[in-house]
Structures are given as structure tokens and as C-alpha cells.
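Open the model in your viewer and keep the sequence panel beside it. The stops below are given in the order in which to select them.

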Amino acid sequence: MVWTKTGMTDLNHLNDRMKKHDLTVKHMNNTLNLATLGKTNVLSMLDSSYRRGIELHNEKVSNNRYILNVIINCIRFCGAFELALRGHDEKDTSLNSGIFRALISFSAELDSALKVHLEKATVFKGTSKTIQNELLKCMLNICQQEISVEIKKADYLAITADETTDVSAIFQMVIVYRYIVNDKVVERFWGFLKPKEHNFEVLAECIKEQLAQHIGDVTGKLIAQTYDGFSYERQY
């Protein structure tokens, strides 16, 4: 605000000076304050809307986490009882879409939040085979991290390696670790591996790479090795 005792003496340029004054920050702030005098503060309203937006976002995140937790629990249920997740026909109209989708549908009958999600979700529903595979991969990574921690704490380690062939006739190597946790012997499935070739050198190198993640250069920790079922001389 500017105080003056003489006022505007150059009336010829009064219009230009007024237009210039209208564009100043002080004039615009004073105009805004006058317009909101005795009314709700615009800044407070904006701040309130901002907080409400954050609350809505947090509610949405919490709901998404809850839905994801339900889906993960359904996958864990199938794994605990060694049940195949997918069926031959996973369409919504299928009468036999697989155990996982059937379990999700059954859970939705008991859980209103899950039911609303399945009915209204347009981007992420969580029942596709891609999501199932991604969740299985994430769960395997978490399990392997825990297994690796247990192995590093254990005094001794034994390894079992075997071969298996999937339904598409592709050779896979299975690794299982055996060690002691809290004075109890445990066996942990580590995973399926796909060596580039099926000969002694390649298989040995593949196993050494897996062991290096847990024991590194420590000697004397690996006390037993079992290779049941391997056919090293098989040729393709």
C-alpha cells in the first residue's frame, strides 16, 4: 500500500497508471482480501481440499493392499495343499475356471470389499494368469531370502539336486537344501533351474553358483551332497 499527500497530479496519464497499478501483486492481493473479507478463507479451503485428497488416496491405497492380501492368501492356500491354480478355461463364463478363480469367487461371497473390487475394477482385478505368475515369483523371492538368511546362520548345509521334466518335456534341475534351524532338521525347496546343457560340467557350475549365494568362500560348511536321479550321460 502506498500513501500519498498530493495525490495524482498528472491526469493525462491517469488511465495508464491505473492499468499498470491493477497488474501489481499488491493490488491483486488487496482485491482478493477485500473480496473474501468476512467470508471463508480461500487458502483454508484449498488446504482442506488438499488434505481430503490425501485422505482419499490413502484410503484407496489401504483398500488395494487389502485386496492384494486376499489374493495372495488364496494363492498361499493353493500352494499349502499342492493345488493347481489354473484351469483349462479361465473365462468368466467357464463352469470350471480353476481352483484359484473359484476360491476368489467363494471369498467374494464372504467379503463385501472383495466383491465390490471384482465387480468394479477396470485396471487391476488380480485374477489373470499374468498376475498369478508375478505374485508367485514375488513369493518365491521372499521365501528364498528367508532361506538364505537361515543357511547363513546354520553351521552346516547339505544339498540335494535332482532332475525333473515338465509337461512340455523340458529338463529342469531341482535343488533342495537341508540344514538345522533351532535344533531341528529342516528341508527347504530352493527352486527349479534350467541349465543351458545337460552334462556334468554345466550342472556342477549351476549348483556352485547357487551355493555361492549362501556360503561364499566358506569351507567346511557343505557336508553332504546328493544327486539322485541325474543322468549325466544323457545326450540330446
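Is Phe77 buried, partly exposed or exposed? Select Phe77: its relative accessibility is 39%, so it counts as partly exposed (buried is under 20% relative accessible area, exposed over 50%, partly exposed in between, with a 1.4 Å probe and protein chains only).

This is a predicted model, in which local features need pLDDT of at least 70, side-chain atom pairs count only at pLDDT 80 or more, and totals for chains, interfaces and linings use all residues. Residues are numbered from 1 along each chain as its sequence is written, and side-chain values use heavy atoms, with hydrogens and water left out.

A search of the whole structure finds 3 aromatic pairs (rings of Phe, Tyr and Trp, the last by its six-membered ring, with centres within 6.5 Å; planes under 30 degrees apart are stacked, over 60 edge-to-face, the rest tilted). The ring centres of Phe77 and Phe81 are 5.0 Å apart and the planes meet at 45°, so this pair is tilted.

Now select residues 129-153, helix α6 (helices are DSSP runs of H or I with at least four residues, strands runs of E with at least two, numbered from the N terminus). At 1.5 Å a residue, its 25 residues should span 36 Å, and the end C-alpha atoms are 36 Å apart, which agrees (the expected span is 1.5 Å times one less than the number of residues). Within α6, colour the buried residues, among them Gln132, Leu135 and Ile151.

Finally, go to the loop between β2 (171-181) and β3 (184-193), where Asn182 is found. Asn182 has a positive phi, near 55°, in a residue other than glycine, and is exposed at 70% relative accessibility. Asp183 is in the loop between β2 and β3 too. Its phi is also positive, about 65°, although Asp183 is not a glycine, and at 79% relative accessibility Asp183 counts as exposed.
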